[in-house]
Amino acid sequence: MASLVPGESDSNTFVGTYTLSLTDVNASQVSNQATVEAQDPDNSNVTDLSDDNSNFENDPTITSYDAVDAINLIKERNL
Ligand SMILES: [Ca+2]
Ligand SMILES: [Ca+2]
């Protein structure tokens, strides 16, 4: 677990992986929100939900995309 001093940030250590569901594909968007839990200098627990554009809000990040229906086939022959 990473340790940060007050004012320090770390945007590289934490990685999450999510596999799209059929519901996500049909909706053409994914809602994503991270939660952080830590202790302040007084050892009190603090928590926050991520936001899409502000350090003072808790809106999930919505990623929209255009799903393209497609199927592909390659036929090869051996002589
Ligand atoms: Ca926001
Ligand atoms: Ca927040």
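Where is the place of serine 54? I started there and found serine 54 in the loop between β3 and β4.

**Ground rules**

I am working with a predicted model, where local features need pLDDT of at least 70, side-chain atom pairs count only at pLDDT 80 or more, and totals for chains, interfaces and linings use all residues. My residue numbers run from 1 along each chain as its sequence is written, while chains are lettered from A and ligands numbered from 1 in the order in which they are written.

**Entry: the whole chain**

I looked up the secondary structure and got 1 helix and 4 strands. Read from the N terminus, the order is α-β-β-β-β. The chain is more spread out than a compact globule, so I noted the numbers: its radius of gyration is 20 Å, well over the 12 Å that the globule rule gives for 79 residues. For my own reference, helices (H or I, at least four residues) and strands (E, at least two) are DSSP runs, numbered from the N terminus. The radius of gyration is taken over C-alpha atoms, and the globule rule is 2.2 Å times the number of residues to the power 0.38.

Next I checked the box along the principal axes, which the C-alpha atoms fill at roughly 75 × 30 × 15 Å. Then I asked about burial: 0% of the 79 residues count as buried. The cut-offs here are 20 or more other C-beta atoms within 10 Å for buried, 12 or fewer for exposed, and partly exposed in between, with C-beta atoms placed from the backbone.

I also looked at contacts with a separation of 6 or more; residues 24 or more positions apart account for 40% of them. A contact means that the C-beta atoms of two residues, placed from the backbone, lie within 7 Å.

How do strand β2 and β3 pair, in the parallel or antiparallel sense? I found them antiparallel, over 5 bridges, with β2 covering residues 35-39. Two strands pair if DSSP finds at least two bridges between them. One bridge I wrote down joins glutamine 39 to asparagine 45 in β3. The two strands form a hairpin with 5 residues between them.

β2 is hardly covered, with 0 buried among its 5 residues. β3 (residues 45-49) also has 0 of its 5 residues buried, so this strand lies largely in the open.

Threonine 47 is exposed, with 8 other C-beta atoms within 10 Å. Leaving aside neighbours within four places in sequence, threonine 47 is in contact with Thr35, Val36 and Glu37. Tyrosine 65 is another matter: 18 residues separate it from threonine 47 along the chain, and their C-alpha atoms are separated by 30 Å.

**Entry: two positive phi values**

I went through the backbone angles next. Most residues other than glycine have a negative phi. Asparagine 43 has a positive phi of about 65° although it is not a glycine. I placed asparagine 43 in the loop between β2 and β3, where it is exposed with 6 other C-beta atoms within 10 Å.

Serine 28 also went into my notes, with a positive phi of about 60° and no glycine to account for it. Serine 28 is found in the loop between α1 (22-27) and β1 (29-32). With 11 C-beta neighbours inside 10 Å, serine 28 counts as exposed.

**Entry: spot checks elsewhere**

Back to serine 54, which has 8 C-beta neighbours inside 10 Å and so counts as exposed. I took its C-alpha distance to leucine 22 and got 30 Å, for 32 residues apart in sequence.

Threonine 19 lies in the segment before α1. I logged threonine 19 as exposed, with 5 other C-beta atoms within 10 Å. From threonine 19 to aspartate 51, 32 residues apart along the chain, the C-alpha atoms are separated by 21 Å.

My last stop was isoleucine 74, in the segment after β4 (61-64). Isoleucine 74 counts as exposed because it has 4 C-beta neighbours inside 10 Å. Its C-alpha atom and that of leucine 20, 54 residues apart along the chain, are separated by 26 Å.
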